[in-house]
Each structure stands twice: as C-alpha cells, then as structure tokens.
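Keep the sequence and the model in view while reading.

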Amino acid sequence: MAKGLARRNVLLLATGCGAGAFARHGLLTPQATLEYTGEGLKAVLTAVGEAAGLGGPLPLVLHMGSCVDNSRAADVAVAVANKLGVDLDKLPVVASAPEATRKRPFPSEPGL
C-alpha cells in the first residue's frame with residue numbers, strides 16, 4: 001500500500017509500530033524514495049534532503065517518533081500545507097499511527 005501511495009505522489013508519515021514495519025521492509029531509506037516514488041514526490045523529497053545537506057532524498061516514509069508522538073505527523077502536514085498555501089485536506093499525505101488497544105468493558109458490563 002505504501003509503495004502504491006508513493007507512486008501516486010502521496011507523502012507518507014508514520015509513528016511507532018507502523019514506522020517499524022515500514023523500516024523492516026526497507027521503506028525508511030533514500031533508496032526506497034528513488035525506487036518507489038512518483039516524480040513529484042521524488043523531486044520534493046530530494047530537494048528537502050539536499051537542502052538539509054544529506055546529499056540525496058529524504059526517506060520514502062518519514063518516521064515521526066513513537067506511537068505517542070502521533071501529533072508530530074499532523075504538525076508536519078500542517079506546516080507543508082501552510083508552506084504551499086493549500087488547505088490541509090488538499091495535501092496528498094497519509095499518516096500511519098497505530099497503537100495497540102484492547103476492548104475494556106464498562107463498569108456496568110458483566111465480567112468486572
């Protein structure tokens with residue numbers, strides 16, 4: 001799914017376990033950017049990476065921190081939208097911020 005979104009020039013942001021899964025599949029690398037992104041996203045990630053002195057593109061998926069740092073993805077998306085002068089809902093971006101949860105019964109539910 002990530003590769004397909006990247007081919008469609010969608011910026012990919014991830015936190016926690018989701019970012020770890022992307023890393024295990026080699027998607028947190030500049031090489032993945034060169035291999036899987038559409039030309040528009042590749043140009044942006046390359047320009048930002050080179051401007052930051054990295055000598056190449058940023059990784060395909062940008063790791064925003066642990067699962068509790070999920071607001072960082074929103075901060076990045078808002079900053080990019082503001083820089084481009086577009087509304088956030090017009091920005092081609094997706095964020096993955098999974099967190100393991102389990103259903104807990106309400107106090108009135110049987111089994112407590």
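Helices α4 (39-51) and α5 (71-84) each contribute at least two residues to the lining of the largest pocket. Helices here are DSSP runs of H or I with at least four residues, strands are runs of E with at least two, and both are numbered from the N terminus. A pocket is defined on a 1 Å grid over the protein atoms alone, as an open set of points with protein on both sides within 12 Å along at least five of seven lines, whereas a cavity is a set of points where a 1.4 Å probe fits but cannot get out; lining residues have an atom within 4 Å of a point. The model is predicted, and local features need pLDDT of at least 70 and side-chain atom pairs pLDDT 80 or more, while totals for chains, interfaces and linings use all residues. Residues are numbered from 1 along each chain as its sequence is written, and side-chain values use heavy atoms, with hydrogens and water left out.

The largest pocket holds about 330 Å³ of space. Its lining has 16 residues, and Leu11, Leu41, Val44, Val80 and Leu84 are the closest to its centre. The volume is the space filled by probe spheres set on the grid points, which are joined across faces, edges and corners. Helix α4 provides the largest share of the lining, five residues. By class, the lining has 13 nonpolar residues, two polar and one charged. In this count Ala, Val, Leu, Ile, Met, Phe, Trp, Tyr, Cys and Pro are nonpolar, Asp, Glu, Lys and Arg are charged, and the others, Gly among them, are polar.

The chain as a whole has five helices and three strands, arranged along the sequence as α-β-α-α-α-β-α-β. Of its 112 residues, 32% are buried; buried means under 20% relative accessible area, exposed over 50%, and partly exposed in between (1.4 Å probe, protein chains only). The accessible surface of the chain is about 7,200 Å², with 59% belonging to carbon and sulfur atoms. Areas come from the Shrake-Rupley method with a 1.4 Å probe, and for residues only the protein chains shown count as cover. Among contacts (heavy atoms within 4.5 Å) between residues at least 6 apart in sequence, 65% join residues at least 24 apart.

Which residues have the most contacts inside the largest nonpolar core? This core has 19 residues, and the ones in question are Leu11, Leu12, Leu13, Leu27, Leu60, Val61 and Leu62. At least two residues come from each of α1 (2-7), β1 (11-14), α3 (30-36), α4 and β2, and β1 gives the most, with four. A nonpolar core is a set of buried Ala, Val, Leu, Ile, Met, Phe, Trp, Tyr and Cys residues joined through side-chain atoms within 4.5 Å.

Leucine 62 sits in strand β2 (residues 61-63) and is buried because its relative accessible area is 15%. Beyond its neighbours within four places in sequence, leucine 62 contacts Leu11, Leu12, Leu13 and Ala14.

Leucine 5 belongs to helix α1 and is partly exposed, because its relative accessibility is 26%. Not counting residues up to four places away in sequence, leucine 5 touches Val10, Leu12 and Val94. Its C-alpha atom lies 9.0 Å from that of valine 93, 88 residues away along the chain.

Asparagine 9, in the loop between α1 and β1, has a positive phi of about 65° although it is not a glycine. At 28% relative accessibility, asparagine 9 is partly exposed. Threonine 15, in the loop between β1 and α2 (16-24), is buried because its relative accessibility is 1%.

Is aspartate 89 buried or exposed? Aspartate 89 lies in the loop between α5 and β3 (93-96) and is exposed, with a relative accessible area of 62%. Lysine 42, in helix α4, counts as buried because its relative accessibility is 19%. Apart from neighbours within four places in sequence, lysine 42 contacts Thr33, Leu34 and Thr37.
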